[in-house]
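Visitor: I've got the model open on my screen. Could you walk me through it, one question at a time?

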Amino acid sequence: MAVIEAIATTYLEADAASVTFSSLGSYEHLQIRVSGRHNNSGGAGASIYIRFNGDTGSNYSTHTMQAYNGANTGADPYTGQAYVYAGGRITGPLTPSASNYGTSVIDILDYRNGSKNTTMQQMSGVVDDYSGNSFLWFSSSLWDNTAAVTSILLYPPSGSFLRGTEMTLYGLNSA
Amino acid sequence: MADPSYIVDGVLTDSEAWVGIAHASLSLPAATVTWTSTDDGQTGDFSQYMDLVVVMYARSDRAGTWTDSYVHVNNMTSSGDYAGQDLSGNGSSVTGSVPSTTRGGLWYLPNAGATANVFGCCVYHFFDINSGKYKSFLTSAASDGGTENLAWMVASTAKTQAPITEIDLVTGSGNYIAGSTFSLFGVLPRMVA
């Protein structure tokens, strides 16, 4: 048995409102790797919202630390959300170069456990975005539900993921 | 030409998604570690991977207060070739800054002034390396026991739409010392209907 297996890659050939992974296999942990961009004309760098098992209740929280636009640093809480506020970061139409996509590594631990809430961590970067801004993001998120994760929905706050967005789900096995 | 072990009859098998491409454990000091795609359909051919990951554990022989280590992609070294954002913490404060546009993924590693036998660790994630996108990568690094004790995160973009065919790990001054280790992994996708 391989330690890390690729479960599924979604490489968008057309804009799509969301990406769902619903065959999660039987692994210890999951990782999603993203190279993404959205098409919301009014939006600059944006988030990837995430929901587990279709849960639309206010059961998600996120805490962040970030650096942006050079010397700026910060930390923010997002509690009682109906989604993981930022499972990652993606660029948008205001980004000067159409070739520039945001990147994220999203780790979802012990997702099959039916007696633990699900905690995840995210590391993301959006570089040379609108007005030359850049954004680096590291955060934790909690789904306050002990159910095993059986599906993962990823979507942008507005508009759709742009053609060329790529997401791959990996499963990590233990010994 | 024989296929790599993870391709059977032209189809990717469910073997390891992370493929060990190369590993270097320095027996002599070196200022640069370079990996180049073999372009031969074998394990060292970057064109088959979705992402690349570099794991390095290194120390510099430079005297002084700090030593930098960074990445050049496809031999890109000119001003304006890269854009980025970094975040570092030294135990008492955090700092954000815009790094140089001649390189990406810069961090500080222990040097000659650091506690004996201390090395710094760094992981690079290069995304969608064969696409027509700019080549973006994330860096996390840790350096302790020296004159600079820092945790780093960096977001970088190499402004090229060409596939990544070469990665250079460079120390800005001095050399990586003997015993420094560098590993390159290819991360495979799984295209499903």
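Visitor: Which residues does Trp107(B) touch, leaving out those up to four places away in sequence?

Guide: First, the ground rules: this is a predicted model, where local features need pLDDT of at least 70, side-chain atom pairs count only at pLDDT 80 or more, and totals for chains, interfaces and linings use all residues. Residues are numbered from 1 along each chain as its sequence is written, with chains lettered from A and ligands numbered from 1 in the order in which they are written. Two residues are in contact if their C-beta atoms, placed from the backbone, lie within 7 Å. On that basis, the partners of Trp107(B) are Ser69(B), Cys122(B), Thr139(B), Ala141(B), Ser143(B), Trp152(B) and Val154(B).

Visitor: Which residues have the most contacts inside the largest nonpolar core?

Guide: A nonpolar core here is a set of buried Ala, Val, Leu, Ile, Met, Phe, Trp, Tyr and Cys residues joined through C-beta atoms within 7 Å. A residue is buried with 20 or more other C-beta atoms within 10 Å of its own, exposed with 12 or fewer, and partly exposed in between, using C-beta atoms placed from the backbone. The largest core has 90 residues, and the ones with the most contacts inside it are Ile50(A), Leu154(A), Leu52(B) and Trp107(B).

Visitor: Which strand gives the most to this core?

Guide: Strands (E, at least two residues) and helices (H or I, at least four) are DSSP runs, numbered from the N terminus. With five residues in the core, the top giver is β12(B).

Visitor: How many residues does each chain put into the contact between chain A and chain B?

Guide: On the chain B side, β7 (82-89), β8 (94-97), β11 (135-143) and β12 (150-158) each supply at least two residues. β7(B) gives the most to that side, with five. As for the count, chain B brings 35 residues and chain A brings 35.

Visitor: How many helices and strands does chain A have?

Guide: Read along the sequence, chain A runs β-β-β-β-β-β-β-β-β-β-β-β-β-β. That makes zero helices and 14 strands.
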